Amino acid sequence: MTIFRRRNIGIVYQFYNLIPTLNVEDNIILPRLLDRKKVDKDRLNEIIKLLKLEKKKCVLPSELSGGEQQRVSVARALINNPSIILADEPTGNLDSKNAKEIIELFKYYNRTYKQTILLVTHDENIALQADRIITIVDGKITKDERNH
């Protein structure tokens, strides 16, 4: 299951889960290294550029802002080009500017690469930007709506 998840599902955590002793680039490529797969430098550079991390590639997570750490977490989730991205409160610790950038990035990847984004949030403004909103209360689905 671990191998399947690493290869097919990108996970973005609320608290980033970056490895503190690895620089930005190494944190991003970690799933590739764990799989002993070659890193596609073009894809890596595309993701780094899109996430505006070009000047931070050799920096440790402790030297990054919260928004930058979350962008590294998103980049790591994208590096294997997964079919599904699971994002657990990815904007919960971010200011509104960084939160908006993260949501726009998810929308871009959904449109461009046809990736399914499953995003958990308590923020109604973020939820209202989704194509589909599933409301869960006490572990039960209470609403399932298409959002146009």
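The exercises below, each with a worked solution, concern a predicted model of a protein.

**Exercise 1.** State how many helices and strands the protein has, and give their order from the N terminus.

Solution. The count comes to six helices and five strands. Read from the N terminus, the order of the elements is α-β-α-α-α-β-α-β-α-β-β.

**Exercise 2.** Decide whether the radius of gyration of the protein agrees or disagrees with that of a compact globule.

Solution. Begin with the chain length: for 148 residues, a compact globule would have a radius of gyration near 15 Å. The protein has 15 Å, so the value agrees with the globule rule. For the extents, the C-alpha trace spans about 45 × 35 × 30 Å along the principal axes.

**Exercise 3.** Describe the burial, contacts and surface of the protein.

Solution. Take burial to begin with: 39% of the 148 residues are buried, the cut-off being under 20% relative accessible area. Next, among contacts with a separation of 6 or more, 66% join residues 24 or more positions apart.

**Exercise 4.** Locate A130 and classify it as buried, partly exposed or exposed.

Solution. A130 sits in the loop that links α6 (124-127) and β4 (132-137). Its relative accessible area is 28%. Buried requires under 20% and exposed over 50%, so A130 is partly exposed.

How values were computed: Residues numbered from 1 in each chain as written. Predicted model: local features only at pLDDT ≥ 70, side-chain atom pairs only at ≥ 80, totals over all residues. Heavy atoms only, no water. Helix = DSSP H or I, 4+ residues; strand = E, 2+ residues; numbered from the N terminus. Rg over C-alpha atoms; globule rule 2.2 N^0.38 Å. Buried < 20%, exposed > 50% of the residue type's maximum accessible area, 1.4 Å probe, protein only. Contact = heavy atoms within 4.5 Å.
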